[in-house]
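Please open the structure in the viewer and keep the sequence at hand.

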Amino acid sequence: MNKFRSIFTHKNSVIGMIHVGALPGTPRYQGSIQRLVENACQEANIYKNSGVDAVMIENMHDIPYVRSKELGPEIVSAMTRVTTEVKKVIPHIPCGIQILAGGNKEALSIAKACDLQFIRVEGFVFSHIGDEGFIDASAGSLLRYRRFIDAESVLIFSDIKKKHSSHQITSDINIVETALAAQFFLSDAVVISGSTTGSPVNQDELKETKSAVEIPVIVGSGVTINNMECYVEADAFIVGSHFKKYGKWENDIFEENVKLFMEKINNLRKTT
């Protein structure tokens, strides 16, 4: 918790998403890495001007996703390039990264190279079936890799009962038990999300998880300007879709949405 608090100093810290355009080699790539860099930097500048607490970079447009064993070096190199340029725009704002799907070691290697503060990972404990296929637990190998590359300063935020996934094979293990397992396996925080991108989190599950674990609990989807009061127990919010035009993740960030959200959350922090 102390490491988390040294980075996220505000209650209900807001992590704004940068969804990088489709990368080289993926079906929707448009042929210009420079354009990807410019768009990501433009969004980073909006976040900086709006006062978000942190930023996370993700290859969300690389649909359909592949599992980590099928991720090519072109994905890591392109995301490293984008991340390097984004960091120049927001040198003093904490920054993290996620590589879809389940590219946890890839994300950690970029975080190490680009001096990032955290990564978001899938399949940290137990296993699930995502729309890209079977995702197995990775905690043991990932934390050994973190030690191997001397990246102990990079925090690991692990999804539990991840969205867009079937958890039938672990249906006898509830979300609190999953969170406790992630804590036992040395996750730095757990991420709870709704069933899909932009879907709200079950409030009871948040409260139960927060009461059960000693590590931070992050709400990973569905927080809006209209419902943020429902999630004040959370240590942080990851916000993507709500900051976009018309609330759709695939659109560009709408600066007014970000500024209004941050104004309200700053006022809420004073009263809770």
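Which residues of strand 7 lie on one side and which on the other, and are they buried or exposed? L155, F157 and D159 lie on one side, I156 and S158 on the other, and all are buried, that is, under 20% relative accessible area, whereas exposed means over 50% (1.4 Å probe, protein chains only). In a regular strand, side chains alternate between the two faces of the sheet.

This is a predicted model, in which local features need pLDDT of at least 70, side-chain atom pairs count only at pLDDT 80 or more, and totals for chains, interfaces and linings use all residues. Residues are numbered from 1 along each chain as its sequence is written, and side-chain values use heavy atoms, with hydrogens and water left out.

Next, select residues 118–121, which are strand 4; strands are DSSP runs of E with at least two residues, and helices are runs of H or I with at least four, numbered from the N terminus. Strand 4 runs parallel to strand 7 and is joined to it by four bridges; F118 has L155 as its bridge partner. Then select strand 9 (residues 189–192), which is parallel to strand 7 and joined to it by three bridges. Here V191 is the bridge partner of D159.

Proceed to helix 6 (175–184). Its buried residues include I175, V176 and T178. At the start of helix 6, a side-chain oxygen of N174 comes within 3.1 Å of the backbone nitrogen of V176. After helix 6 comes L186, with a positive phi near 75°.

Finally, select I169, in the loop between strand 8 (165–166) and helix 6. I169 counts as exposed because its relative accessibility is 52%.

Definitions and conventions:
Two strands pair if DSSP finds at least two bridges between them. A polar contact is a pair of N or O atoms within 3.5 Å; within protein, one must be able to donate a hydrogen and the other to accept it, and residues adjacent in sequence count only if both atoms are side-chain atoms.
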